[in-house]
Amino acid sequence: MTTATPSRTTVTAPYPASRRPQTLTPPRENTSVPRSRRGRSARQAWNLAATAVIWLTSLFVLALWVAGGGLQDLWGLDAAALNSLGRLTGLIASNLLLYQVILLARIPLFERGFGRDGLTRMHRLVGFWSFSLMLAHIALLVLGYAAAADVNVFVQLWEFVWDYPGMLLATAGTILIILVAITSMRRARAKLRYESWHLLHLYAYLGVGLALPHQLWTGADFLFSPVATAYWWGLWAISAAAIVVFRILVPLARSLRHRVRVADVRPDGVGGVAVNMTGRRLDRLGARAGQFFIWRFLDGPGASRANPFSLAAAPDGRSLTISARIVGDGTARLARLTPGTPSCSRVRTAR
């Protein structure tokens, strides 16, 4: 006889709230991107956008030349081929010359895309190619027209200068650009004071401006279609507007808004000077220690010249400090500044 053992049910009393077991939630994966990586990605995006603008517009100029029959003229290997190559080099040189102006205009797209050092290298590279292609443009057209008319190349060059509309102005502009190119060479620049070199460099604006009438009066590639006309007029307008807005109006507006004034000037080590400045709402500048600004101190002679100086101390929202070693007239002026001197500045990305 088997006796069945009655089953027993175990009843578990509930835990008090204070002792109830807690469910552990696994920690969430940190999906936030480090700030340094975000900054690097942003710089890469700006660089890609700035580079794309230059390449796309250059390819557009090439497309305009092809649409104007430039490619077909090359097959003959004759005077028409020389003229076609002369037109192409002239178009690309004009495009790059205008980019020389735009790169110097301190447009945020290019400053953020290339940075201060990158802009300097880009300016030098674009300047070399624009100058070389400009000379090639002149030489090829003189050779092409001389071959077509069966005249001496010097006779053809003289006819270009005196008989073609706008060519006298273009010749003057070419001479100015050559002057700027020569004085920008390292050996020549080493013998010039920075202030003298900077003044000569400004003649590049005048040289580019003097070329406009010849391009519009005698350059068929500029006016052969509404698209070409709109592109060239638009690029000229953008270049001029960029200079006015980013080199004149923006620094002036910032100066009026923040009212930066020299607070004190003191020696900084041996042969150095430090300038401390105060102003209104300086925290809104978003400045960082080591960041470059383009400074212009409005204290009389020399106020038209701007110089790049980096911040020597971490900004506290109330003051900005720059320091420099006295090596020329620009830095020597810092030591002569008096408290209350207004300053006009333009931020520049340090990279």
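This is a predicted model: local features need pLDDT of at least 70, side-chain atom pairs count only at pLDDT 80 or more; totals for chains, interfaces and linings use all residues.
The face of helix 4 turned away from its buried side carries F154, W158 and D163, which are exposed.

**Helix 4**

Helix 4 spans residues 153-163, and Q156, F160 and V161 are buried there. Seen down the helix axis, these buried residues fall within an arc of 135 degrees, so they line one face of helix 4. The general rule is that an α-helix has 3.6 residues a turn, so residues three or four places apart point the same way. What lies over the buried residues of helix 4? The cover includes helix 3 (108-149) and helix 5 (167-183).

A side-chain oxygen of N152 reaches to within 2.8 Å of the backbone nitrogen of F154. F154 is also one of the exposed residues on the face turned away from the buried side.

**Aromatic pairs**

The count of aromatic pairs comes to 11. Two of them share F110. A pair of aromatic rings is described by the distance of the centres and the angle of the planes.

| Pair | Centre to centre | Angle between planes | Type |
|---|---|---|---|
| Y99 and F110 | 6.3 Å | 85 degrees | edge-to-face |
| F110 and F114 | 6.1 Å | 10 degrees | stacked |

Why is the pair of Y99 and F110 edge-to-face? Planes over 60 degrees apart count as edge-to-face, and the planes of Y99 and F110 are at 85 degrees, so the pair falls in that class. Y99 lies in helix 2 (residues 79-104) and F110 in helix 3, so the pair ties together parts that are 11 residues apart in sequence. Both Y99 and F110 are buried.

The pair of F110 and F114 sits within helix 3. These two residues are four apart, and about one helical turn separates them. Buried or exposed? F110 is buried, with a relative accessible area of 4%. F114 also counts as buried, at 8% relative accessibility.

Elsewhere, ring pairs link F60, Y231 and W232 into a cluster.

**Salt bridge**

How many salt bridges does the structure hold? It holds one. The side chains of R266 and D264 meet in it, at 3.2 Å from N to O. R266 has 39% relative accessibility and counts as partly exposed. D264, at 29%, is partly exposed as well.

Terms used: Residues are numbered from 1 along each chain as its sequence is written. Side-chain values use heavy atoms; hydrogens and water are left out. Buried means under 20% relative accessible area, exposed over 50%, partly exposed in between (1.4 Å probe, protein chains only). The arc is that of the directions from the helix axis to the C-beta atoms. Contact means heavy atoms within 4.5 Å. A polar contact is a pair of N or O atoms within 3.5 Å; within protein, one must be able to donate a hydrogen and the other to accept it, and residues adjacent in sequence count only if both atoms are side-chain atoms. A salt bridge is a side-chain nitrogen of Lys or Arg within 4 Å of a carboxyl oxygen of Asp or Glu. Rings of Phe, Tyr and Trp (its six-membered ring) pair if their centres lie within 6.5 Å; planes under 30 degrees apart count as stacked, over 60 as edge-to-face and the rest as tilted.
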